[in-house]
Amino acid sequence: MRCTGSAGISPAGRWPIGRQEPGAGALLTGDILQVLPDRRHLGFMRSYPCLIPLPPAEVRRMAAHCDRLAFEAIYGAFHEREIVAGGKAALAKSAARYCAWIEGMVEP
């Protein structure tokens with residue numbers, strides 16, 4: 001899967017782990033889809049070094065693409081940043097939360 005990032009594209013992939021049961025597998029993310037410290041939510045940034053957020057349309061596109069994949073776990077780019085169960089639901093909930101927040105921002 002290709003995600004829009006600071007260098008244009010940031011890779012993410014699905015790893016089919018364990019027995020091939022419905023939903024089996026893991027999403028391996030870089031820094032565009034980032035598992036947050038609470039390990040229940042994800043953040044979305046075009047560039048983490050420059051703190052540039054992604055537009056809601058791009059977050060929705062990535063979430064829709066990921067929804068078609070079979071996975072339950074999400075492994076982030078950094079140590080202790082994983083969601084070992086319920087990853088698909090966490091991604092959908094996080095994308096909706098992010099988009100609602102970004103779209104509700106008041107211009108400075």
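Reply: Starting with α2: at 1.5 Å a residue, its 17 residues should span 24 Å, and the end C-alpha atoms are 24 Å apart, which agrees. The expected span is 1.5 Å times one less than the number of residues. Helices (H or I, at least four residues) and strands (E, at least two) are DSSP runs, numbered from the N terminus.

Me: Where do the coordinates come from, and how are residues numbered?

Reply: This is a predicted model: local features need pLDDT of at least 70, side-chain atom pairs count only at pLDDT 80 or more, and totals for chains, interfaces and linings use all residues. Residues are numbered from 1 along each chain as its sequence is written, and side-chain values use heavy atoms, with hydrogens and water left out.

Me: Back to α2. Which residues are buried there?

Reply: G87, A90, L91, S94, A95, Y98, C99 and I102. Buried means under 20% relative accessible area, exposed over 50%, partly exposed in between (1.4 Å probe, protein chains only). Seen down the axis of α2, the buried residues fall within an arc of 155°, so they line one face of the helix. The arc is that of the directions from the helix axis to the C-beta atoms.

Me: What do they pack against?

Reply: The buried residues of α2 pack against β4 (26-28), β6, β7, α1, β8 (73-75) and β9 (82-83). Contact here means heavy atoms within 4.5 Å.

Me: And which exposed residues sit on the face turned away?

Reply: A89, K93, A96 and A100.

Me: What about W101, buried or exposed?

Reply: W101 is in helix α2. With 58% relative accessibility, W101 counts as exposed.

Me: P56 is in which buried set?

Reply: The one in α1, together with E58, V59, M62, A63 and C66. Down the axis of α1, the buried residues fall within an arc of 160°, so they line one face of the helix. Helix α1 covers residues 56-67, twelve in number, and reaches 16 Å from first C-alpha to last, close to the 16 Å expected.

Me: Switching to the sheet. What's the strand order?

Reply: β5-β6-β7, an open sheet of three strands with antiparallel pairing. Two strands pair if DSSP finds at least two bridges between them. β5 (33-35) and β7 (52-53) stand at the edges with a single partner strand each, so one side of each has no neighbour in the sheet. Helix α2 (residues 87-103) packs on the sheet, touching β6 and β7, and its direction makes about 60° with that of β6. Axes are lines fitted to C-alpha atoms, for helices over the stretch in contact, and angles run from 0 to 180 degrees between N-to-C directions.

Me: How many bridges join β5 to β6?

Reply: Three, and β6 takes in residues 42-47. V35 stands opposite L42 in β6.

Me: Q34, buried or exposed?

Reply: Q34 lies in strand β5 and counts as buried, at 4% relative accessibility. Leaving aside neighbours within four places in sequence, Q34 is in contact with H41, L42, G43, Y48, A77, F78 and R81.

Me: Last one, the whole chain. How many helices and strands?

Reply: Two helices and nine strands, running β-β-β-β-β-β-β-α-β-β-α from the N terminus. Buried residues make up 38% of the 108.
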